Every structure is written in C-alpha cells, then in structure tokens.
Amino acid sequence: LQVPRGGPKVMLRAETGSMKMKQRIQKQKLMLARKILLQKDSLANAIYEEQRHMGWPGLAKEATEICKQIGVADVNEEHTTKNEIEDGIFYSNYKELKEEMTKYEKLEEIKYEDFRKEQEYMHEKSVEKARLAYRIRTKLVNGVKMNFKNMYKSNLKCETCKDENETQEHLMECPRWEEERKGLDLTRMEDMVKFFTNILKEK
C-alpha cells in the first residue's frame, strides 16, 4: 500500500479484513487441541489428558485460557465445534480492532463502519487506485496539509481560502477545485480517487 510508517497500522487489518497474528495462532491452538481430544486412543491424546488432569503447562492449559479470552466453552470440558471456535476468534479480533481504532483522530469518521470483510476497493485491478483509496480512507493523501501537520506546521491553511485549514474534506468543497469536481459524486470511492488523482497532479 506504500503508506508512511507512522500511519495507523490497525487500518491495514481493518481494510483488508484480516486478523492479528495473535488470533491466528490462538485459532490454530484450539483447532489442534480439539483434534487431539477427538483421537481417543492416540498417544497424543494420552499425553494431552495427563497434561490436563495434572494442570501442567502446555497446550491444554493454553486452550482453557484462550477459550476464556474469546468467550467460548472450554474445549477441554465441552465439545466445541469448529464454527464456534472460528466465531469466537473472529469477534475477539473484531473487538480489539474497534478498540484500537478509537485511539486515532484520523479514523474518527470511519471507526463505526463495518470492517468484517475487506473493503470493495481492495478488488480494484489498478494498484495505484487502490493505494490512493487507502490513503483517502486513512487521511494520508500526500500534499494535504492537515494529513501531515508536522510538515506544514508553519502554515496549515488552504492556499486559496486562507482562513480554512487544508483538510481532505475542505478540498472536496473548496472553490479552487470546482472544475475537478464536475460530474463526480464524492460520496463514491471511485469518484474520490478520480478527484484526488486530478488535484494531486495540479498541486
């Protein structure tokens, strides 16, 4: 996506509908524990059961702790289905995602949106358009003063309006870019990408 290192990393997961590595590992551990518990006559099951009954450190203990964290029945005590594990992991990840998003001022306008699936623009065939769409969503569009306050701290005002700070929202209304807005619906991501592509060339 070619975004600055200082950008909100939580959005990389939010926009692509992906999970943290922590939750991916938790899922694999629970699936493995479930599989071993179903292998009643195996050596793995015998070792696992001994580990569980003795309270020794290892997969059995970790599985119980993970189940508590994600709010599903303990795989060591009840028959927990694959779907229940997947749902528990998914919503645990989603809850953390939403909590992280509240920490960023840049994400104030979109933090309540639905991020359960990857965003539509991720299917865009043009890599450049997808990159710009991501920058628009995360307020990282190059050349917009309020997106990079430290770079423009001496003057954050729009060069045309003088009394307005230059934000992405302002540029979409600024009289200076009226011609570039013609025929575009700036509530649609496709048109916003066209708009910012045009004005960035001018700027």
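**Close-up 1. Surroundings of Gln51 in the predicted model.** Apart from neighbours within four places in sequence, Gln51 contacts Trp56, Pro57, Gly58, Leu59 and Ala60. The model in which these contacts occur is a predicted one. Gln51 belongs to helix α3, which comprises residues 43–54. With a relative accessible area of 17%, Gln51 counts as buried, because the cut-off for that class is under 20%.

**Close-up 2. Helix α5 and its packing partners.** Helix α5 covers residues 82–101, 20 residues in total. From its first C-alpha to its last, α5 reaches 29 Å, close to the 28 Å expected at 1.5 Å a residue. Its buried residues are Ile85, Gly88, Ile89, Ser92, Asn93, Tyr94, Glu96, Leu97, Glu100 and Met101. These buried residues of α5 pack against α1 (10–16), α2 (21–38) and α4 (59–70).

**Close-up 3. Crossing of α2 and α5.** The axes of α2 and α5 come within 10 Å and cross at roughly 165°. The two helices are therefore roughly antiparallel, and their crossing is right-handed. On the α2 side, the contact involves Lys22, Gln23, Gln26, Lys27, Leu30, Met31 and Arg34; these meet Lys82, Ile85, Glu86, Ile89, Ser92, Asn93 and Glu96 of α5. The residues of this contact divide into 4 nonpolar, 4 polar and 6 charged.

**Close-up 4. Helix α6 and the residue Lys139.** Within α6 (residues 127–137), the buried residues include Ala130, Leu132, Ala133, Tyr134, Arg135, Ile136 and Arg137. The buried residues of α6 pack against α1, α7 (168–171) and α9 (189–202). Just after α6, Lys139 adopts a positive phi of about 55°.

Key: Residues are numbered from 1 along each chain as its sequence is written. This is a predicted model: local features need pLDDT of at least 70, side-chain atom pairs count only at pLDDT 80 or more; totals for chains, interfaces and linings use all residues. Side-chain values use heavy atoms; hydrogens and water are left out. Helices (H or I, at least four residues) and strands (E, at least two) are DSSP runs, numbered from the N terminus. The expected span of a helix is 1.5 Å times one less than its number of residues. Buried means under 20% relative accessible area, exposed over 50%, partly exposed in between (1.4 Å probe, protein chains only). Contact means heavy atoms within 4.5 Å. Axes are lines fitted to C-alpha atoms, for helices over the stretch in contact, and angles run from 0 to 180 degrees between N-to-C directions. Angles under 35 degrees count as roughly parallel, over 145 as roughly antiparallel, 65 to 115 as roughly perpendicular and the rest as oblique. A crossing is left-handed if the near helix is turned anticlockwise from the far one by less than a right angle, and right-handed if clockwise. Ala, Val, Leu, Ile, Met, Phe, Trp, Tyr, Cys and Pro count as nonpolar, Asp, Glu, Lys and Arg as charged, and the others, Gly among them, as polar.
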